[in-house]
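Me: I have a structure open and would like to go through it with you. Can we take it piece by piece?

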Amino acid sequence: MNFRRFFWYYLWIAPHLLQIAVAVLMIRRKLFRDFPLFLSYTLFEVANFSALFWLYNSSRFTVEQSTYVYVAGDAIGIALRFGVIHEIFENVFRQYPALNQLGRLLFRWATGVLLVVAVAVALSTTGADTDRVTAALFVTSRAISIVQCGLLMFLLLFSRYFGLSWRNYVFGTVLGLGVYASVQLATTAILTQFGPNFRSETFNLILMATYHCSVLIWLVYFLSPEPALRPVKTVPSHDLEGWNQELQRLLQQ
Amino acid sequence: MTLLFILVAASLFSLAFLFLAAKGRLFPANDLSDITTQVKSVDLEAFRNLMSADDEEYLRASLPSRQFRSVQRARFLAAAQYVNCVATNAAILLRLGEAARSSSDAAIAAAGQELVDTALRLRLYSLMVVGKLYVGAVMPGVKLSPAAIADRYQHMSGLVGRLSRMHYPSRTARIPASL
């Protein structure tokens with residue numbers, strides 16, 4: 001087995017083994033109560049990998065059968081990722097009752113606007129002339145990346161404006177999904193433009209490596225302890241005086 | 001090809017944004033020790049005067065149209081600065097409220113939750129008012145009524161006062177006095 005082949009196997013197998021660790025961590029830390037869909041997604045990805053790995057190494061199945069399983073698995077994975085993004089929105093806004101309704105409304109609007117953008121981008125595609133099924137798959141994949149990446153960026157920008165604080169594992173989940181969606185957006189955009197055979201192996205490796213990074217991000221954030229909020233009662237008294245001094249300084253400017 | 005560049009640029013932008021977020025440069029830290037350096041002074045009465053409808057009518061009646069538009073533009077831009085300051089303070093107070101709502105003392109926790117809710121509403125309101133003010137600066141003839149933000153801000157200052165009195169009864173209302 002040459003290095004490239006070994007690397008390819010490593011990038012295929014390792015993230016899914018790490019996802020088992022992520023699932024175990026979620027169950028042990030009872031995070032599945034907040035993130036049931038993310039746990040489902042994690043477990044599904046492991047199961048999907050096991051099925052594909054078995055199909056890939058078995059001579060009993062045709063390439064066509066394997067492709068059906070791959071496409072079906074990919075579709076379920078995409079649906080679950082949308083569910084996870086919705087779960088993140090719910091999780092972030094649940095802590096802020098004042099923003100709860102607004103958050104839900106904005107999620108619907110953002111999804112709608114991004115879907116319109118994705119459809120418009122798909123309709124205006126003038127890429128390489130390849131077979132229609134493959135081209136349709138790439139265009140769909142790119143449209144999904146636009147919506148997922150856009151939703152995650154919208155959530156981050158919205159939270160940044162309002163100064164919302166995030167729990168560690170919620171942010172870690174967004175970070176992992178965001179990195180994967182961003183790289184997927186670029187790779188699918190390039191492959192849609194130049195055709196699926198354009199350095200396909202390299203782009204495949206890039207996407208696999210990105211997924212590996214995303215799983216590592218999830219693992220690190222799920223492992224790291226939640227930083228405790230500094231209680232207000234421990235604020236030293238001279239802090240209050242500092243507020244007054246700051247006021248005087250600003251008034252004299 | 002243009003579409004490809006746009007999508008790749010969007011992808012790079014989101015990666016950079018995620019990187020900055022992961023480095024902790026985009027979101028507030030949990031540490032409240034440096035909060036005093038971040039609070040901006042906001043003169044509520046000055047803002048009210050700036051946005052006074054009577055003053056606006058007086059200026060409209062006494063100044064030539066062109067000069068009125070120029071003065072009005074300057075008033076709107078100044079008011080937008082006030083509102084931006086208020087919005088910044090609201091974000092800081094939000095952090096204070098978040099820390100307070102995790103308190104074991106039920107009264108402090110309730111006041112903290114109220115402060116969080118009010119700060120978020122004020123932040124949202126500020127976003128809309130600033131938008132209106134900038135529209136007003138572009139079209140000085142447009143009638144605006146952002147003075148109500150002053151009442152919202154006063155209410156929030158009252159909440160901070162209640163919170164500080166719970167913690168430091170002897171040093172009452174020094175925080176809202178500084179806002």
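Predicted model: local features only at pLDDT ≥ 70, side-chain atom pairs only at ≥ 80, totals over all residues.

Me: Where in chain A is confidence lowest, and where is it highest?
Reply: The lowest is helix α8 of chain A, residues 237-252, with a mean of 30. The highest is helix α2 of chain A, residues 36-57, at 93.

Me: Which stretch of chain A stays under 50?
Reply: Residues 234-253 of chain A do. For that stretch the model has 23 contacts beyond four places in sequence.

Me: Then at what angle do α1(A) and α2(A) pack?
Reply: About 150°, with the axes 9 Å apart; α1(A) covers residues 3-28. Since an angle over 145 degrees counts as roughly antiparallel, that is the label for α1(A) against α2(A). Their crossing is left-handed.

Me: Which residues make that contact?
Reply: From α1(A) there are His16(A), Gln19(A), Ile20(A), Val22(A), Ala23(A) and Met26(A). From α2(A) there are Leu39(A), Thr42(A), Leu43(A), Glu45(A), Val46(A) and Phe49(A). By class, the contact of α1(A) with α2(A) has 8 nonpolar, 3 polar and 1 charged residues.

Me: And α1(A) with α7(A), parallel or antiparallel?
Reply: Helix α7 of chain A, residues 200-223, packs against α1(A) at about 20°, with the axes 9 Å apart. The two are therefore roughly parallel. Here, too, α1(A) crosses in a left-handed sense.

Me: What sits in the contact between α1(A) and α7(A)?
Reply: The α1(A) side includes Trp8(A), Leu11(A), Trp12(A) and Pro15(A). Among the α7(A) residues are Met208(A), Tyr211(A), His212(A), Trp218(A) and Phe222(A). By class, the contact of α1(A) with α7(A) has 20 nonpolar, 2 polar and no charged residues.

Me: Back to the loop between α1 and α2 of chain A. Which residue there has a positive phi?
Reply: Lys30(A) lies in that loop, and its phi is positive at about 55° although it is not a glycine. As background, most residues other than glycine have a negative phi.

Me: Is Lys30(A) buried or exposed?
Reply: Lys30(A) counts as exposed because it has 8 C-beta neighbours inside 10 Å, and the cut-off for exposed is 12 or fewer.

Me: What about Phe53(A)?
Reply: Phe53(A) lies in helix α2 of chain A. It is partly exposed, with 14 other C-beta atoms within 10 Å. The C-alpha atoms of Phe53(A) and Arg160(A) are 41 Å apart, and the two residues are 107 apart along the chain.

Me: Moving to chain B. How many helices and strands does it have?
Reply: Chain B has 7 helices and 0 strands. Of its 179 residues, 34% count as buried.

Me: Last one: where is Ser70(B)?
Reply: Ser70(B) is in helix α4 of chain B, residues 65-101. It is partly exposed, with 13 other C-beta atoms within 10 Å. Ser70(B) and Pro140(B) are 70 residues apart along the chain, and their C-alpha atoms are separated by 7.7 Å.

Key:
Residues numbered from 1 in each chain as written. Chains lettered and ligands numbered in written order. pLDDT = per-residue confidence, 0-100. Helix = DSSP H or I, 4+ residues; strand = E, 2+ residues; numbered from the N terminus. Contact = placed C-beta atoms within 7 Å. Axes fitted to C-alpha atoms, helices over the stretch in contact; angles between N-to-C directions. Parallel < 35°, antiparallel > 145°, perpendicular 65-115°, else oblique. Left-handed = near helix turned anticlockwise from the far one by under 90°. Nonpolar A, V, L, I, M, F, W, Y, C, P; charged D, E, K, R; others polar. Buried ≥ 20, exposed ≤ 12 C-beta atoms within 10 Å, placed from the backbone.
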